[in-house]
Amino acid sequence: MPDTINILFLAAEAYPYIKVGGLADVAGSLPFALRSLSTRQTGGYSLDVRLVLPIYRLAQAGVVTLKPLINFVVSTEEGEIGAQAFEGSLNGVPTYFIDGFPIARSDYVYSPNPVDDREKYAFFSLAALELARILNWKVDIVHANDWHTALSVYAIRTSKKDPYYSKTAGLLTVHNLPYMGGDNGDLLDKYGFQKLLDKSVPIWARGQSLPLGLWAADAIVPVSDTYAREILTPEYGCGLQDFLQSRASVITGIINGLDVNQWDPAKDDCIFANYSIDNLKDRSKNKISLLKKIDLDIDPQIPLIGMVTRIDYQKGIDLTIKALPMLMEKRWQLVILGSGDESLEKELSQLQTIYPDRVRVILRYDNSLSHLIYAGSDLFLMPSRYEPCGLSQMIAMRYGNIPVVHATGGLKDTVLEGKTGFVFEDSNPESQADSLRKAFKVFTQPEKWLSFQRSGMKQDFSWTRSAIQYSILYRSIAFKYLHGGEQ
Ligand code: ADP
């Protein structure tokens, strides 16, 4: 086995170049954390992780300098499509940016037209593989993320005739199983992908990118232990549970980390007053600043619930809308920052109209305000129906904000009931209301409250922990190909 394992890390988005969702946080942090591991931490190997991203017209200007690298083509049944690669360094990680007509024709990261997106990411996945080949950079592991790049893993497994990738292992991280990419239709033929005939994959799934990647991957990584178990059940398996059970031996849950430099209340520029575990009393200045900003009464005796979230059915916001009226005998305030589903947004606005003294709903994306909500609210509510990993509960704990969460996926794995937060088992308004009642009670007991805050702030959510787990997995799948057998 060589001393270095080469990893081509593909993602649709990465912070700070471009961010739409949590995937950008992962792709913006994990490659750097992997490259930073010492050989002692990896068991003797260096990890040469290189990131590949599509070029987006609306990406943050100036975050990265793009140097033209090479022009090449992606072959299709309908002829060649030109591609251009640029190189740069994102968060200290060598990064290749890929351009070409299927990427350039849309201004979006995720286009409202799913057909455009399918082609964009099929092209991108193949272009990334082609680029490594042209650069003669020997890839030991293709690490794909979600449906967008899953076809890269399928491509290396089904083109065994291709000697360049015959010893390359494929790893697919699953951030969100229900998003499978939709049926690719003729696109798979156009780009020369083999048809999948294996009956273990349901027929409706055989034309979708994520299931193809799941079929082909040497390792499947759902983003928490609990989610790794949940996707094997009918409730969370989205129709793939039987197939995924047949692949259980290659499934390993690894929780995402948090960028602890970006999210640090002691250094955060977006909040009113910095604080740490040793001077938590300064935290209350942020609550006052937040309440002033959103024009709610300033009263330290009233617990302020915060939510920063995509407004989506997944996030269980409709359950919160039903739970709050059950709590009218209690004093509380609520601030929700988010955007998304229009009808849920409307219901939330109505909630503010009904409870103008208690509720503020801010329907937009606002990074700076999100920081102040983490630092200024007392409780952080996440009633998600499912949550593969979840970042916000980790941010909340790091900011001495106490999470109230549904026992699912990464929420269950990171929040400890009665120690760092409140965890309710059932996804319904009643359980959510009961859990909030418990939290309100602890809010009236300062000593106990402080011990919750401190326990949460002491948790290690750094990426190093996750990176070490990935490095162990990298080693075992790379070894399999180099030596033709399991380690
Ligand atoms: P998901 O990736 O499913 O949306 P996560 O909890 O994993 O959920 O990550 C959400 C991230 O996006 C967090 O960093 C959260 O603070 C941020 N976020 C979500 N909505 C907003 C918003 N409206 N304004 C600012 N930040 C937001």
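Which residue in S10 is the bridge partner of Ile311? Gly340 is. This is a predicted model, with local features needing pLDDT of at least 70, side-chain atom pairs counting only at pLDDT 80 or more, and totals for chains, interfaces and linings using all residues. Residues are numbered from 1 along each chain as its sequence is written, and side-chain values use heavy atoms, leaving out hydrogens and water.

That Ile311 pairing belongs to a sheet. Strands S9 and S10 run parallel and are joined by eight bridges; two strands pair if DSSP finds at least two bridges between them. Strands here are DSSP runs (E, at least two residues), and helices are too (H or I, at least four), numbered from the N terminus. The open sheet has six strands with parallel pairing, in the order S11-S10-S9-S12-S13-S14. S11 and S14 sit at the edges, each pairing on one side only.

| Strand | Residues |
|---|---|
| S9 | 304-311 |
| S10 | 333-340 |
| S11 | 359-362 |
| S12 | 379-382 |
| S14 | 422-424 |

Helix H13 (residues 367-376) lies across S9, S10, S11 and S12, at about 145 degrees to S9. For that angle, axes are lines fitted to C-alpha atoms, for helices over the stretch in contact, and angles run from 0 to 180 degrees between N-to-C directions.

Now for Asp268, in the loop between helix H9 (241-246) and helix H10 (283-294). Its side chain reaches the backbone nitrogen of Cys270 at 2.7 Å. Leaving out residues up to four places away in sequence, Asp268 touches Asn274, His371 and Tyr399, where contact means heavy atoms within 4.5 Å.

Conventions: Polar contact = N/O pair within 3.5 Å; in protein donor to acceptor, adjacent residues only side chain to side chain.
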